[in-house]
Amino acid sequence: MDVLKRDRFDEACRRHPTCSNALKTCYRVLCALEPENYNDLGAALGNRLDLFKPRSEAGWVVIDIGGNKLRLIAGINYERQKLYVEHIYTHAEYDVADDWYARNSQGVKP
């Protein structure tokens, strides 16, 4: 799969150096995958994957990284094999973002 916005992984490594190995592993795993749908992705990632409920209709997912220390929010186009990294947050930041997205039906949280 083509993972777009690798710079967000690099930025997260700088912000969270204790999770840099987990971030790099996650990036490599995602690049190696070729899922045809959400179920295929779930088979590869197991319980680390969930739908990002406020934007699930748009194909957004949440992936836990580093034992749930970080959460990656991404939009996926399975047909084109593209994963667009929207955000990589700590769990606390994710909770704030989840609330924001639930209240705002359009747009991307700044």
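Two strands pair if DSSP finds at least two bridges between them. Helices (H or I, at least four residues) and strands (E, at least two) are DSSP runs, numbered from the N terminus. By that rule, strand 4 and strand 5 pair in the antiparallel sense over eight bridges.

This is a predicted model, in which local features need pLDDT of at least 70, side-chain atom pairs count only at pLDDT 80 or more, and totals for chains, interfaces and linings use all residues. Residues are numbered from 1 along each chain as its sequence is written, and side-chain values use heavy atoms, with hydrogens and water left out.

Five strands form an open sheet with mixed pairing, in the order 1-5-4-3-2. Strand 1 (2-4) and strand 2 (49-51) stand at the edges. Each has a single partner strand, so one side of each is left without a neighbour in the sheet. From one strand to the next, the twist averages 35°. Axes are lines fitted to C-alpha atoms, for helices over the stretch in contact, and angles run from 0 to 180 degrees between N-to-C directions. As a general point, strands of a sheet pair through backbone hydrogen bonds, either parallel or antiparallel.

Now walk across the sheet from strand 1. Strand 1 and strand 5 run parallel, joined by three bridges. Here V3 has L83 of strand 5 as its bridge partner. L83 also stands opposite I76. Strand 4 and strand 5 form a hairpin with four residues between them. In that turn, Q81 has a positive phi of about 60°.

Next comes strand 3. Strand 3 (residues 60-65) and strand 4 (residues 70-77) run antiparallel, joined by six bridges. V61 has A74 of strand 4 as its bridge partner. N68 is found in the loop between strand 3 and strand 4. Phi of N68 is near 75°, a positive value in a residue other than glycine. N68 is partly exposed, with a relative accessible area of 32%.

How covered are these strands? Buried means under 20% relative accessible area, exposed over 50%, and partly exposed in between (1.4 Å probe, protein chains only). Strand 4 is mostly covered, with seven of its eight residues buried. Strand 5 is mostly covered too, with seven of its nine residues buried. E86 is found in strand 5. At 12% relative accessibility, E86 counts as buried. E86 and W60 are 26 residues apart in sequence and 8.9 Å apart in space, C-alpha to C-alpha.

Strand 2 brings in L51. L51 is partly exposed, with a relative accessible area of 33%. Contact means heavy atoms within 4.5 Å. Not counting residues up to four places away in sequence, L51 touches Y38, S56, W60, V61 and V62. L51 and L33 are 18 residues apart in sequence and 18 Å apart in space, C-alpha to C-alpha.

Turn to the helices. Between strand 1 and helix 1, the loop holds K5. Phi of K5 is near 75°, a positive value in a residue other than glycine. K5 is partly exposed, at 33% relative accessible area. Helix 1 lies across strand 1, strand 4 and strand 5 (82-90), running at about 20° to strand 5. Helix 4 (residues 91-103) lies across strand 3, strand 4 and strand 5. Helix 4 runs at about 115° to strand 5.

Finally, look at how two helices meet. The axes of helix 1 (residues 6-15) and helix 2 (residues 20-32) come within 9 Å and cross at roughly 165°. That makes helix 1 roughly antiparallel to helix 2. Angles under 35 degrees count as roughly parallel, over 145 as roughly antiparallel, 65 to 115 as roughly perpendicular and the rest as oblique. Helix 1 supplies R6, F9, A12 and C13 to the contact. Helix 2 supplies S20, L23, K24, C26, Y27 and L30. By class, the contact has seven nonpolar, one polar and two charged residues. Ala, Val, Leu, Ile, Met, Phe, Trp, Tyr, Cys and Pro count as nonpolar, Asp, Glu, Lys and Arg as charged, and the others, Gly among them, as polar.
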